[in-house]
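Trainee: I have a new structure open and would like to go through it. Can we take it one piece at a time?

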Amino acid sequence: MNWLTFAIAAWFALGLELGLRPALRLGPEALAPSFMLPLAVFVCLWAPHRVALWACLACGLLVDLTWRHPITGGGAATILGPYALGYLLGGQLVLALRGVLIRGNPLTMAVMSMLAAAVAHVVVVAAMTVRTLYGDPIGFAPAPELLVRLGASAYTGVAGLALSLLLIPLTPVFGFQQQATHRRIARRS
């Protein structure tokens, strides 16, 4: 994989995450799609396992660095780890399933973005719940957060469909090695 191309795509996705995401919020719960996760899913669909997991970790860390957690009593905190771990596990889900997926289909990227986002959000909610159990002053209500985040996962699937129309034609620019997957069918004698 060409890491420079990935860095430019991650910069673009982070710009969409920070700039366009607030404009796309729906309802009083503020459901909003993620743009970094579909990029991570795209890389997981095409890159070798180890490279894909490093890319997921990088995308998750970028989201961690830009996500501000409200603190009870006022203020906000940046916490490294929840999204990085969530993106890593979401990427592992995509890697586990990619053998049975049609990689070049935009619907594949949409559905996998939705599933990976659900996994990532469950991990984030679990990590933040553990932090609040040990007296961390971060204001976090797990049940409502999980419901909002699972709704946002479905919305991320829509963003994944839109981004797939941009990313799939750019597959050669990313430098992914096309792997020949010839299956041999045993002949019965």
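Trainee: How much space lies in the largest cavity?
Mentor: About 60 Å³. Keep in mind that this is a predicted model.

Trainee: How many cavities of 30 Å³ or more does the structure hold?
Mentor: One.

Trainee: Which residues line the largest cavity?
Mentor: The lining consists of Glu17, Arg21, Ser34, Leu37, Val63, Tyr83, Tyr87, Ala117, Ala120, His121 and Thr156. Two elements give two or more residues to it, helix H4 (82–97) and helix H5 (106–133).

Trainee: Which element gives the most to that lining?
Mentor: H5 does, with three residues.

Trainee: And by class, what does the lining have?
Mentor: Six residues are nonpolar, three are polar and two are charged.

Trainee: Glu17 is on your list. Where is its place in the chain?
Mentor: Glu17 sits in helix H1, which covers residues 3–19.

Trainee: Is Glu17 buried or exposed?
Mentor: Buried, because its relative accessibility is 7% and the cut-off for buried is under 20%. Arg21 is buried as well.

Trainee: What does Glu17 form with Arg21?
Mentor: A salt bridge, in which the closest N and O atoms are 2.8 Å apart. Glu17 also has a side-chain polar contact of 3.4 Å with Ser34.

Trainee: Where do Glu145 and Arg149 lie?
Mentor: Both are in helix H6 (residues 142–167), and they are four residues apart, about one turn of the helix.

Trainee: Why does Arg149 count as buried, and what about Glu145?
Mentor: Arg149 counts as buried because its relative accessibility is 7%, and buried means under 20%. Glu145 has a relative accessible area of 29%, so Glu145 is partly exposed.

Trainee: Let's go back to H5. How many residues does H5 have, and how far does it reach?
Mentor: H5 has 28 residues and reaches 40 Å from its first C-alpha to its last, close to the 40 Å expected at 1.5 Å a residue.

Trainee: What is at the start of H5?
Mentor: A side-chain oxygen of Asn105 comes to within 3.0 Å of the backbone nitrogen of Leu107 there.

Trainee: And which residue follows H5?
Mentor: Gly135 does, and its phi is positive, near 80°.

Trainee: Another glycine, Gly81. Where does Gly81 lie?
Mentor: In the loop between strand S2 (76–77) and H4. Gly81 counts as partly exposed, because its relative accessibility is 27%.

Trainee: How far apart are Gly81 and Ala127?
Mentor: In sequence, 46 residues separate Gly81 and Ala127; in space, the C-alpha to C-alpha distance is 8.6 Å.

Trainee: Last topic, the whole chain. How many helices and strands are there?
Mentor: The protein chain has seven helices and two strands. From the N terminus on, the elements run α-α-α-β-β-α-α-α-α.

Trainee: What share of the residues counts as buried?
Mentor: Of the 189 residues in the protein chain, 40% count as buried.

Definitions and conventions. Residues are numbered from 1 along each chain as its sequence is written. This is a predicted model: local features need pLDDT of at least 70, side-chain atom pairs count only at pLDDT 80 or more; totals for chains, interfaces and linings use all residues. Side-chain values use heavy atoms; hydrogens and water are left out. On a 1 Å grid over the protein atoms alone, a cavity is a set of points where a 1.4 Å probe fits but cannot get out, and a pocket is an open set with protein on both sides within 12 Å along at least five of seven lines; lining residues have an atom within 4 Å of a point. Grid points are joined across faces, edges and corners, and a volume is the space filled by probe spheres set on the points. Ala, Val, Leu, Ile, Met, Phe, Trp, Tyr, Cys and Pro count as nonpolar, Asp, Glu, Lys and Arg as charged, and the others, Gly among them, as polar. A salt bridge is a side-chain nitrogen of Lys or Arg within 4 Å of a carboxyl oxygen of Asp or Glu. Buried means under 20% relative accessible area, exposed over 50%, partly exposed in between (1.4 Å probe, protein chains only). The expected span of a helix is 1.5 Å times one less than its number of residues. A polar contact is a pair of N or O atoms within 3.5 Å; within protein, one must be able to donate a hydrogen and the other to accept it, and residues adjacent in sequence count only if both atoms are side-chain atoms.
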